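Subject: Structure for your review

Dear colleague,

Please find below the sequence and structure that I am handing over to you. My findings follow directly after it.

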Amino acid sequence: VGFMHCTACSKSFCGLTNLADHILCKKHLRNLKTWPNNLVLLCVQCQLQFATVEQLKQHFILVTHDANIPGMGKLQKELKHELRTKYVKHIQQLKTTENPF
C-alpha cells in the first residue's frame, strides 16, 4: 500500500519515480481517456487529487505528512535535498550573473 494513488488505474505507489513511470504507460493513458477529468493522482493521507506528478511533488514539498508511513520519510528527505540543491544553484547563478543596471 502506497501513499500516492492513481484513481484511474487503482494502483498505489510509494515513490515518485514509480508513479512517473506509471503515468507514461499505455494502460494508464487508455484509462485516463475514460476518466471525467484529469485529477487522477491522489495523496492518500490528505485525500487531495492532482493532475500531474509535478503538482503532487509540490504538495509533498509544501505539506508535512506523517513520517511513520512506510517510505514517506525517505521521500521527504529526497525532496528536501532536491529543493536545497536547486536553491544553492539558483543562489550561485545570481552571484555569477552581472547586474544589468
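In what follows, two parts are said to be in contact when they have heavy atoms within 4.5 Å of each other. Please bear in mind that this is a predicted model.

Another helix, α1, lies across β1, β2 and β3; its direction is at about 145° to that of β2.

The strands themselves form an open sheet of four, in the order β2-β1-β3-β4, with antiparallel pairing. Which strands stand at the edges of this sheet? They are β2 and β4 (48–50). Each of these has a single partner strand, so one side of each is left without a neighbour in the sheet. On average, neighbouring strands are turned by 30° against each other, direction ignored. The antiparallel strands β1 and β3 are joined by three bridges, and M4 stands opposite C43 in β3.

The largest nonpolar core has 18 residues, of which M4, L19, L41, L56 and F60 touch the most other members. Two or more residues of this core come from each of β1 (4–6), α1 (16–23), β3 (41–43), α3 (53–62) and α4 (72–96). Beyond the residues up to four places away in sequence, M4 touches a series of residues that includes F13, L16, L19, L42, V44, L56 and F60.

I turn next to the pair of helices α3 and α4. Their axes come within 10 Å and cross at roughly 95°. α3 is therefore roughly perpendicular to α4. On the α3 side, K57, F60 and I61 take part in the meeting; on the α4 side, the residues are M72, L75, L79, E82 and L83. Sorted by class, this contact has six nonpolar residues, two charged residues and no polar ones.

Is K57 buried or exposed? Its relative accessibility is 14%, and because buried means under 20%, K57 counts as buried. Apart from its neighbours within four places in sequence, K57 is in contact with L16, L79 and E82.

The loops also hold some details. A8 lies in the loop between β1 and β2 (11–13), and A8 is buried, with a relative accessible area of 13%. Leaving aside neighbours within four places in sequence, A8 is in contact with N31, W35 and V40. A8 and H81 are 73 residues apart along the chain, and their C-alpha atoms are separated by 31 Å.

S10 is also found in the loop between β1 and β2. At 57% relative accessibility, S10 counts as exposed. Most residues other than glycine have a negative phi. S10, although it is not a glycine, has a positive phi of about 55°. Q47 is not a glycine either, and has a positive phi of about 60°. Where is Q47 placed? Q47 sits in the loop between β3 and β4, and is exposed, with a relative accessible area of 53%.

Yours sincerely,

A colleague

Key. Residues numbered from 1 in each chain as written. Predicted model: local features only at pLDDT ≥ 70, side-chain atom pairs only at ≥ 80, totals over all residues. Heavy atoms only, no water. Core = buried A, V, L, I, M, F, W, Y, C linked by side-chain atoms within 4.5 Å. Buried < 20%, exposed > 50% of the residue type's maximum accessible area, 1.4 Å probe, protein only. Axes fitted to C-alpha atoms, helices over the stretch in contact; angles between N-to-C directions. Parallel < 35°, antiparallel > 145°, perpendicular 65-115°, else oblique. Nonpolar A, V, L, I, M, F, W, Y, C, P; charged D, E, K, R; others polar. Pairing = 2+ DSSP bridges.
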